[in-house]
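The sequence and structure come first.

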Amino acid sequence: MTSNAAEFERAQRVLVGGVNSAVRAFRAVGGTPRFIDRAEGAYLWDVEGRRYIDYLGSWGPMIAGHSHPSVVAAVQRAATRGLSYGAPNVMETELAERICTLFPHVEKVRFTSSGTEAAMSAIRLARGYTGRSKILKFEGCYHGTADSLLVKAGSGALAFGTPSSAGVPADLARHTLVAQFNDLDSVRALFAQHPEDIACVMVEPIAGNMNLIEPVPGFHEGLRELCTRHGALLIFDEVMTGFRVALGGAQAVLGVRPDLSAFGKVIGGGMPVGAIGGPAAVMDLMAPLGPVYQAGTLSGNPLAMAAGLATLDIIAQPGWFDAVSKRCARLVAGLNEAARATGVAFCARSRGAMAGCFMLASPPASFADVQAQDVERFKRFYHRMLDEGVYLPPSPVEAFFFSGAHTDADVDATLVAARRSLAAVA
Ligand SMILES: *Cc1c(COP(=O)(O)O)cnc(C)c1O
C-alpha cells in the first residue's frame, strides 16, 4: 500500500508544490497533505485507508454529502448522453430557472466553469455597464484568481491597491480600490475620492474566506445606499454563501438586494461550475446580446448542470436546510462548550451549513481580528484533530462546511475529538 508521504513526494516531482490549488499543500498547518482515495457521505478516506469526518466538503460544494446516490445517478445518466456538446442543453435552462426563483433580483443567468470566471466576468459586465474602470473590494475577501482581484490595500487608507501576487501589473491593480470589511467609513472615503469612477463594489456578503465573519448591522444597507447614490453596481459574491448559509444565500438572510450575484460551488454539486445572475437590463449587455464579451467551451456542461439540479433537489426539500443548520449549530455549541471546559481561547460560530472556528476568545469582526489568532496553537490543534480522524480546512483563515450527510453521531464524535485536541493544546 502507498502512503500520503510517498504520494506527496511523487506529486511534487510533476505538480507544482504537489498540488493544483495552493492551499491544498498544507503550508498553513505544516505536515503532509492527505491524498484522498474516496469520499462518501460525511467521510473521506486517504490512500492509507484512514477515515476522516470531513468538514472541508471540497471547500463548499458538497452540501449534500459526498457521492450522494441521487447526484451520482444524475451524473451517470447525463454521462451516458454525452459529456459535452458545445451547444445548448435543456438542463442549463432548468438550473437557471431554479436560480431565478431562489434569488429574486436574478432575471437572467450566465453559467461559467468556475467561481473565478464568474467573479471576473461580473466585473467586466459592471465595467461595461457603467463605462467606468475602478472596482472596490474588501481586504480579506476572496473572489477567485482574476488579476484585478489579486490586490491588497496599498499603504495609507486612500492609496491605490497594490498587487498581492507577482505577475499582476501595478497599472491594473491601481484600478482596484481596497476597503475594510465591516467599516463603512473606509468605503465612504474611497467613494469620496472617486465619486464617479467606481464601476462596482464586490463583496462576500457573509465573509467566508477570512474564516467566517458576519457583517455588522447596517454594513450592507450602507453599501447598497452608497452604490445607488454613486451609480456603482453592488455585486454579492455568493460563490460560497449561495445555497449554503440559506437556500436563498446571504441576500435572503440579510434582506439586501445586490445588482449582480456570482455563484459557484453548491450549484455544481461537486462538478466545475460558476454563474453570474442579475436583472435583464444589466445581464443583456453580455454577448451575444451586448458588447461585453463572455464565453466558455465547457460552460453549462451537462454533467455539471445535472449534478447541480440533483443537489438543489435535495437541499430544497421542506425542512432540509433547517435540520442541517440546527445540527451544524449543535456542533458549534459543543465546540464552544469544549473551549470553556478546557480553558483554551477558542470559539466557533455558524451560519446555516457553514461554520468557523477560531483560536480567539470571541468571534472576529474584522480581517485584523482573524489575523490575531494564535496560529501555532491552531496548527497543533489541526494535526491533533486529523489524528483523531477529523478533517478541518487546513488553515486558520478558512471556514468549514457542514453537510446533510453529517449525523448526530458524527457531531458527537467530532466533539469528543475536539475536547481531547483542545485539552492537548491548552
Ligand atoms: C471559491 C470562491 C471563489 C472562486 O471559485 P472557484 O470555483 O474556486 O474559481 C470566488 N469567490 C468566493 C467567495 C469563493 O469562496
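Between domain 1 and domain 2 of this predicted model, 9 residue pairs are in polar contact (both at pLDDT 80 or more); a polar contact is a pair of N or O atoms within 3.5 Å, where within protein one must be able to donate a hydrogen and the other to accept it, and residues adjacent in sequence count only if both atoms are side-chain atoms. On the side of domain 1 that touches domain 2, α11 (320-342), β13, β14 and α12 (367-371) each supply at least two residues. β14 gives the most, with 5 residues.

**Domain interface**
- Domain 1 spans 4-67 + 318-425 and domain 2 spans 69-315, with bounds from an automatic or database domain assignment.
- The salt bridge count between domain 1 and domain 2 is 1.
- Arg351 and Glu214 meet through their side chains in a salt bridge at 3.0 Å, N to O (a side-chain nitrogen of Lys or Arg within 4 Å of a carboxyl oxygen of Asp or Glu).

**Strand β14**
- Helices (H or I, at least four residues) and strands (E, at least two) are DSSP runs, numbered from the N terminus.
- β14 (residues 354-358) is largely enclosed by the rest of the structure, because 5 of its 5 residues are buried (under 20% relative accessible area, 1.4 Å probe, protein chains only).
- Met354, Gly356 and Phe358 lie on one side, Ala355 and Cys357 on the other.

**Pairing**
- β14 pairs with β13 (residues 347-351) in the antiparallel sense over 5 bridges; pairing requires at least two DSSP bridges.
- β14 also pairs with β16 (residues 400-401), antiparallel, over 2 bridges.

**Basis**
- Residues are numbered from 1 along each chain as its sequence is written.
- Local features need pLDDT of at least 70, side-chain atom pairs count only at pLDDT 80 or more, and totals for chains, interfaces and linings use all residues, while side-chain values use heavy atoms, without hydrogens and water.

Conventions. Buried < 20%, exposed > 50% of the residue type's maximum accessible area, 1.4 Å probe, protein only.
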